[in-house]
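I opened the model today to look at the contact between its chains. My notes follow in the order in which I looked things up.

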Amino acid sequence: MAIGAGILRVPKEAKKGEIVKVQMVITHPMEPGTRKDPQTGQLIPAYHLTKLELFFNDKLVSVIDMGGGVSANPFIGITLKVEESGTVKISYEDNKGGKWEKTAEISVV
Amino acid sequence: MDRRRFLLLSALGIAGLTFVPGIFRPSFASSKLEEDIQKRLGVSLSQIKESADVKLQAPTIAESGANVPVSVESDIPVEKVDSLWIFVDNNPSPWIADVKFTPMNGKVYFATRIKMGQTSNVRAILKLKDGSFLMAAKEVKVTVGGCG
């Protein structure tokens, strides 16, 4: 998958007031900038996600700041309290200016 | 930095620490970690209390340091919690990630996978809205490092 492609997983349905898990995996090399290329001895430049924001119906739920210490192709799990049907959106960016978004729907039953 | 200079500097660093009373602690605390915590949290590590209210889950032994699953949970109501930090003591850069919570999260929960260069303590530090800090730490043994 291309760098920045993400998978966002939420339950399709939830009860009102239920706390659901929001899980995501994003394709990214997450180079910390401290590793050396074993062949050339040159530092591999940093290339990692810096920030991920979680929205529900365009209201900001959580902000996650991260560095190169998070594993390649980062997995993140966090919770969300669902009071109404709506759209979960994650928006994330890396240190080279890449910016992506991903959405998923939850309906209250 | 070459090996010789690194050894000299670290020797100097350790010597310096032993001569300043009160700063030196025989525990796992490394100065890089303390620097990072001071910079990002604005308090020193010694001011942060360990608490059983923060539940940190991590493997006791990790096969690969490149991918260590870590999750943090707490029964403290999310309304009282401001944010969460994750640190690894012995990594080249100890700071891993931080999370800002809002009441819309419903509860305090965060899971991710982290890199670890070597066997080290993993720390989760919660900041409460009243300004206090709570910490949980767990040692993870790493057989193959994931930072180089």
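**Entry 1: salt bridges and the interface**

I began with charge pairs. Between chain B and chain A I count zero salt bridges. The model is a predicted one, and I keep that in mind throughout.

Which strands of chain B supply the side that touches chain A? I find that strand 6 (95-100) and strand 7 (108-114) of chain B each give at least two residues to it. By class, I sort that side of chain B into 14 nonpolar, six polar and five charged residues.

Next I looked up polar contacts. I get 18 residue pairs in polar contact across the interface of chain B and chain A, both residues at pLDDT 80 or more.

Then I took the contact list. It puts 25 residues of chain B against 28 residues of chain A. I read the buried area as about 2200 Å² between chain B and chain A, with 52% of it on carbon and sulfur atoms. Which residues of chain B lose the most area to chain A? I note B:Met104, B:Tyr109 and B:Lys115, which together make up 29% of what that side buries.

**Entry 2: a sheet with strands from both chains**

Six strands form an open sheet, in the order 1(A)-3(A)-6(A)-7(B)-4(B)-2(B). The pairing is antiparallel. Which strands are the edge strands? I find strand 1 (6-9) of chain A and strand 2 (54-57) of chain B, each pairing on one side only.

As a reminder to myself, strands of a sheet pair through backbone hydrogen bonds, either parallel or antiparallel.

**Entry 3: walking across the sheet**

I started in chain A. Strand 1 joins strand 3 (residues 18-26) of chain A through four bridges, and the two run antiparallel. Here I see A:Leu8 with A:Met24 of strand 3 as its bridge partner.

I moved on to strand 3 and strand 6 of chain A. Eight bridges join this antiparallel pair. I picked A:Gln23, and its bridge partner in strand 6 is A:Gly77.

Then I crossed between the chains. Strand 6 (residues 75-82) of chain A and strand 7 of chain B pair in the antiparallel sense over three bridges. What is the bridge partner of A:Ile78 in strand 7 of chain B? I find B:Phe110 there.

I finished in chain B. Strand 2 pairs with strand 4 (residues 68-74) of chain B, antiparallel, over four bridges. One partner pair I noted is B:Lys55 with B:Glu73, the latter in strand 4.

**Entry 4: salt bridges over all chains**

Over all chains the count comes to 12 salt bridges. I looked at A:Glu84 and A:Lys59, whose closest N and O atoms are 3.6 Å apart. A:Glu84 lies in the loop between strand 6 and strand 7 (86-94) of chain A, and A:Lys59 lies in strand 5 (residues 59-66) of chain A, so this pair ties together parts that are 25 residues apart in sequence.

**Entry 5: chain A as a whole**

I count zero helices and eight strands in it. Read along the sequence, I get the pattern β-β-β-β-β-β-β-β for chain A. Its C-alpha atoms fill a box of roughly 60 × 20 × 20 Å along the principal axes.

How values were computed
Residues numbered from 1 in each chain as written. Chains lettered and ligands numbered in written order. Predicted model: local features only at pLDDT ≥ 70, side-chain atom pairs only at ≥ 80, totals over all residues. Heavy atoms only, no water. Contact = heavy atoms within 4.5 Å. Buried area = accessible area lost by both parts, 1.4 Å probe. Salt bridge = Lys/Arg side-chain N within 4 Å of Asp/Glu carboxyl O. Polar contact = N/O pair within 3.5 Å; in protein donor to acceptor, adjacent residues only side chain to side chain. Nonpolar A, V, L, I, M, F, W, Y, C, P; charged D, E, K, R; others polar. Pairing = 2+ DSSP bridges.
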